[in-house]
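Welcome, and thanks for taking a look at this one. Here are a few notes on its charged pairs, to read alongside the model.

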Amino acid sequence: MKHSLIKIDDELCTGCRRCAAVCPVDAIEGKQGQPQMIHSDKCVMCGQCVQICSGYASLFEEYETPRDQKMRERHMPPAVNEPLFAAYHTGDYPKVKAVLDNQNAYTMVQCAPAVRVAIAEEFGLPLGSLVPGKLAAALRRVGFSRVYDTNFAADLTIMEEGAELVQRLTKGGTLPMFTSCCPAWVTFIETRYPELVKHLSSCKSPQQMAGTMFKTYGAQLDGVTADQVYSVAVMPCTCKKFEAERPEMNSSGYQDVDAVLTTRELAYLIKEAGIDFHSLPEESFDNPLGIYSGAGTIFGVTGGVMEAAIRTAYEMITSKKLDNIELIQVRGSQGRRQIVLDLGTMKLKTVVVSGLKHAVPILENLKKGIADFHFMEVMTCPAGCVSGGGQPKMLLPVDCLASHQRRTASTYQHDAELLVRKSHDNPAIKAIYQEFLGEPLGHKSHKLLHTHYHVSHPDH
């Protein structure tokens with residue numbers, strides 16, 4: 001599984017090895033004081049090295065490679081005036097800009113939950129500012145035809161993943177089941193623990209479910225065909241670019257997601273368009289693929305997928321209302337949290353893990369046959385997607401921690417403010433099953449919303 005999404009500029013790298021310290025898979029190699037290299041077959045493309053890197057191009061030094069050439073290599077727009085750091089990711093900005101400049105293009109964009117609590121930082125607003133309305137307005141102003149929301153697809157994921165868990169629990173299937181929303185986690189399992197691939201949920205991630213729905217249901221609603229739709233995702237995660245390019249992600253007959261912009265890349269688009277982010281009005285995402293519940297929005301934080309899944313799975317299994325839907329036990333910053341849920345006929349044992357290194361001891365125990373749980377959520381980045389490699393970069397370590405905390409707090413605030421807080425109560429989710437998909441795990445939903453992950457090895 002070779003790729004070159006994440007790179008280190010050896011002209012700028014000082015060899016401080018801060019990147020190696022945060023790499024969860026020991027993919028960064030090199031000696032102290034010398035330029036580092038990324039072992040691409042080990043790298044899971046989480047971008048944490050990009051976030052932590054402090055080696056940058058000084059104005060007082062001359063480099064063999066001019067700044068404008070470095071920016072072209074990074075796929076950055078020429079007008080961007082920000083420091084160039086040694087660790088970086090290549091982007092999709094140029095091809096998205098070209099499509100938006102084409103007046104005949106029909107574009108649909110989705111926006112991940114963690115973007116709305118971070119994008120405002122690029123425009124000088126306080127850390128963790130919650131701006132879903134301004135975000136929707138900005139996406140319209142830069143020219144997208146339809147402004148949809150990954151949160152809708154997160155609700156869809158819960159319907160499918162919850163049904164899959166119930167099926168494995170009641171009818172037999174591989175347990176424990178692993179969530180599959182984090183592409184870096186999926187890549188890690190495929191390459192480091194191929195014997196455990198069968199534990200991954202077969203559900204596509206919300207990004208990919210949204211892309212599929214855009215080119216099928218969404219195209220049908222708008223009277224266009226799948227090949228006419230250009231599908232863009234705005235994500236806090238660098239590995240989402242890799243996920244979108246996986247060859248199996250084409251259930252509509254075309255690539256589900258054509259391009260992925262990180263939060264920082266979206267900021268480039270907004271700035272280049274001359275949009276005053278501060279003065280944007282509060283607007284809504286388009287219907288119906290932009291309607292979401294509180295459960296959908298908490299996908300952006302560690303423990304969020306588990307909390308959202310439990311809100312629905314509990315009611316699916318017991319047919320009783322879950323009175324306390326704020327599951328504080330799965331929230332927090334610890335590397336590993338556990339919760340046991342009383343379902344009457346059984347005790348559902350779950351584990352939440354943030355950071356791949358915390359997952360390794362659990363996986364090793366599972367291989368030994370001594371893991372005692374049914375369902376596990378793993379997110380590669382330390383605070384979940386809010387701290388993803390594509391989020392606004394903090395220059396000071398103290399700001400880094402504060403940004404994670406405030407983005408997380410804003411995410412839970414958004415959940416608490418929404419009237420609908422369970423995925424299965426989302427009226428747009430109910431409608432899409434009635435009008436298009438049928439039922440969770442049904443023939444059509446399985447064809448469009450599920451996939452197969454691969455047994456792979458680092459040297460392949």
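1. A word on terms before we start: helices (H or I, at least four residues) and strands (E, at least two) are DSSP runs, numbered from the N terminus. This is a predicted model, where local features need pLDDT of at least 70 and side-chain atom pairs count only at pLDDT 80 or more, while totals for chains, interfaces and linings use all residues. Residues are numbered from 1 along each chain as its sequence is written, and side-chain values use heavy atoms, leaving out hydrogens and water.

2. Side chains of opposite charge can pair when their charged atoms come close. A salt bridge here is a side-chain nitrogen of Lys or Arg within 4 Å of a carboxyl oxygen of Asp or Glu. By this rule there are 31 salt bridges.

3. Start with D68 and R72, a salt bridge whose closest N and O atoms are 4.0 Å apart. Both sit in helix α3 (residues 67-73), and because they are four residues apart, about one helical turn separates them. D68 is partly exposed at 46% relative accessible area, and R72 is exposed at 54% (buried is under 20%, exposed over 50%, partly exposed in between, with a 1.4 Å probe and protein chains only).

4. Next, please look at R246. E190 forms a salt bridge with R246, the closest N and O atoms being 2.7 Å apart. This pair links distant parts of the chain, 56 residues apart: E190 lies in helix α7 (residues 183-192), and R246 in the loop between α9 (239-244) and β9 (259-262). Both E190 and R246 are buried.

5. R246 also forms a salt bridge with E248, again with closest N and O atoms 2.7 Å apart. E248 is buried, as is R246.

6. Finally, a network of salt bridges links E307, R311, E326, R331, D415 and R421.
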